[in-house]
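Hello,

Here is the structure I promised to pass on to you. Please open it alongside this email, and my notes on what turned up follow just below.

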Amino acid sequence: MNISSEAVEHLRELLEQDNKYIRVGVKNRGCSGLAYHLEYVDQPGKLDEVVEQEGVKVLIDSKALFSIIGSEMDWQEDKLSARFVFKNPNITEQCGCGESFSVS
């Protein structure tokens, strides 16, 4: 997984405030099957994959690896929201609202 410069900057701010890790995973949810899930954890799990970019470390849940391999994590802001977004080349189907997806 790649992390955009904007996402690295925001992750750095979040991780400086709280001395924890951020784990990226997927959960069964939504009309297309999977949705991204981010959570703070105290330490990496035994099977977590560590992605480090520009000194920022993000954990990838081992159960999500095949769903998000080759993705880019980005940070997006507009007048109504600010959030992490994922550009995933593996998506075969996505719901209309963009909250959930499926991969083959």
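Starting at the N terminus, the elements of the protein chain follow the order β-α-β-β-β-β-α-β-β-β-β. That comes to two helices and nine strands, where helices (H or I, at least four residues) and strands (E, at least two) are DSSP runs numbered from the N terminus.

Before the details, a word on the ground rules. This is a predicted model, in which local features need pLDDT of at least 70 and side-chain atom pairs count only at pLDDT 80 or more, while totals for chains, interfaces and linings use all residues. Residues are numbered from 1 along each chain as its sequence is written, and side-chain values use heavy atoms, with hydrogens and water left out.

**Overall form**

The C-alpha trace of the protein chain spans about 40 × 35 × 20 Å along its principal axes. Of the 104 residues, 38% count as buried (buried means under 20% relative accessible area, exposed over 50%, partly exposed in between, with a 1.4 Å probe and protein chains only). Among the contacts (heavy atoms within 4.5 Å) with a separation of 6 or more, 47% are between residues 24 or more positions apart.

In soluble globular proteins, nonpolar side chains tend to be buried together. Here the largest nonpolar core has 21 residues, and those with the most contacts inside it are Ile3, Leu11, Val24, Val58, Met73 and Phe84. At least two residues of this core come from each of helix 1 (5-17), strand 2 (21-28), strand 3 (34-41), strand 5 (56-60), strand 6 (72-77) and strand 7 (82-87). Helix 1 gives the largest share, five residues. By nonpolar core I mean a set of buried Ala, Val, Leu, Ile, Met, Phe, Trp, Tyr and Cys residues joined through side-chain atoms within 4.5 Å.

Leaving aside its neighbours within four places in sequence, valine 24 is in contact with residues including Met1, Leu38, Val58, Ile60, Ala64, Met73 and Phe86. Leucine 38, one of those partners, sits in strand 3 and counts as partly exposed, at 33% relative accessibility. Not counting residues up to four places away in sequence, leucine 38 touches Ile22, Arg23, Val24, Met73, Phe84 and Phe86.

**Aromatic pairs**

How many aromatic pairs does the structure hold? There are two, counting rings of Phe, Tyr and Trp (its six-membered ring) whose centres lie within 6.5 Å; planes under 30 degrees apart are stacked, over 60 edge-to-face and the rest tilted. Tyrosine 36 and phenylalanine 86 are stacked, at 4.1 Å centre to centre with 20° between the planes. Tyrosine 36 lies in strand 3 and phenylalanine 86 in strand 7, so this pair ties together parts that are 50 residues apart in sequence. Tyrosine 36 is buried at 18% relative accessible area, and phenylalanine 86 is buried at 13%. The other pair, tryptophan 75 with phenylalanine 84, is edge-to-face: 4.8 Å centre to centre, 70° between the planes. Tryptophan 75 and phenylalanine 84 are both buried.

**A buried polar spot**

Take a look at aspartate 74 in strand 6, which is buried with a relative accessible area of 12%. Its side chain makes a polar contact with the side chain of serine 4 (2.6 Å) and another with the side chain of lysine 87 (3.2 Å). A polar contact is a pair of N or O atoms within 3.5 Å; within protein, one must be able to donate a hydrogen and the other to accept it, and residues adjacent in sequence count only if both atoms are side-chain atoms. Serine 4 is in the loop between strand 1 (2-3) and helix 1 and is buried too, at 7% relative accessibility. Aspartate 74 and phenylalanine 84 are 10 residues apart in sequence and 5.6 Å apart in space, C-alpha to C-alpha.

**A backbone detail**

Glutamate 54 has a positive phi of about 50° although it is not a glycine. You will find glutamate 54 in the loop between strand 4 (49-53) and strand 5.

Best wishes
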